[in-house]
Amino acid sequence: MLEIGIVLATLALLGAGSLSLPVLSPELLLRVGFWAIVAGLAFGLPTGACYHVGLQRSLARVGRLPPRWWLHPTSHHRLLPAEDAPAVLAWCRAGALGCAVVFLGCTVAALGVWKLTGS
């Protein structure tokens, strides 16, 4: 149910953003999108790295590190020791937030390109 809410909220935001297209210049949309991408990467990459390092260390410490764990790291959250889970999952959420900001920036930049090309 949460995922459906996220999708609906995203569609509502995109719809509201498309209504403001006549007011915003393509250059402004491109700049805002670019800087949102930069900010999302600057925040999301280090926090994502901290998450992966924390997950690996925690699972290895208790002997629960599966082979190729990095391919689907979130599927191994259930293996985390209770004392490590809050910290590791906080890094996971922070990295996901950075990723969401990057996606938002890509969407805004794409709207700028769309408006710039007149399509």
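What we have on the screen is a predicted model, in which local features need pLDDT of at least 70 and side-chain atom pairs count only at pLDDT 80 or more, while totals for chains, interfaces and linings use all residues. Residues are numbered from 1 along each chain as its sequence is written, and side-chain values use heavy atoms, with hydrogens and water left out.

A positive phi comes up again just after α3, where Gly-118 has a value of about 75°. Arg-68, a residue other than glycine, also has a positive phi, near 55°, and Arg-68 sits in the loop between α2 and α3.

Now to the helices themselves. Helix α2 covers residues 26-61, which is 36 residues, and reaches 51 Å from its first C-alpha to its last, close to the 52 Å expected at 1.5 Å a residue; the expected span is 1.5 Å times one less than the number of residues.

By buried I mean under 20% relative accessible area, with exposed being over 50% and partly exposed in between, using a 1.4 Å probe and protein chains only. Among the buried residues of α2 are Gly-33, Gly-40, Gly-44 and Gly-48, and those of α3 include Gly-95, Gly-98, Gly-105 and Gly-112.

Which residues form the largest nonpolar core? There are 9 of them, namely Tyr-51, Leu-55, Leu-59, Trp-69, Leu-79, Leu-80, Ala-85, Val-88 and Cys-92, and both α2 and α3 supply at least two residues each to this core. A nonpolar core is a set of buried Ala, Val, Leu, Ile, Met, Phe, Trp, Tyr and Cys residues joined through side-chain atoms within 4.5 Å. If we set aside neighbours within four places in sequence, Tyr-51 is in contact, meaning heavy atoms within 4.5 Å, with Pro-73, Thr-74, His-77, Val-88, Trp-91 and Cys-92.

Let me turn to charge. The count comes to 1 salt bridge, where the rule asks for a side-chain nitrogen of Lys or Arg within 4 Å of a carboxyl oxygen of Asp or Glu. The side chains of Asp-84 and Arg-61 form it, at 2.0 Å from N to O. Asp-84 lies in the loop between α2 and α3 and Arg-61 in helix α2, so the pair ties together parts that are 23 residues apart in sequence. Are the two partners buried or exposed? Asp-84 counts as buried because its relative accessibility is 17%, whereas Arg-61, at 51%, is exposed.

Finally, helix α1 (residues 2-19) holds Val-7, which is partly exposed, with a relative accessible area of 47%. Together with Met-1, Ile-4, Leu-8 and Leu-11, Val-7 makes a nonpolar surface patch of about 570 Å². Patches are made of residues with over 30% relative accessible area and no salt bridge, like charges being joined within 9 Å and nonpolar side chains (Val, Leu, Ile, Met, Phe, Trp, Tyr) within 5 Å, and the areas come from the Shrake-Rupley method with a 1.4 Å probe, where for residues only the protein chains shown count as cover.

Technical notes. Helix = DSSP H or I, 4+ residues; strand = E, 2+ residues; numbered from the N terminus.
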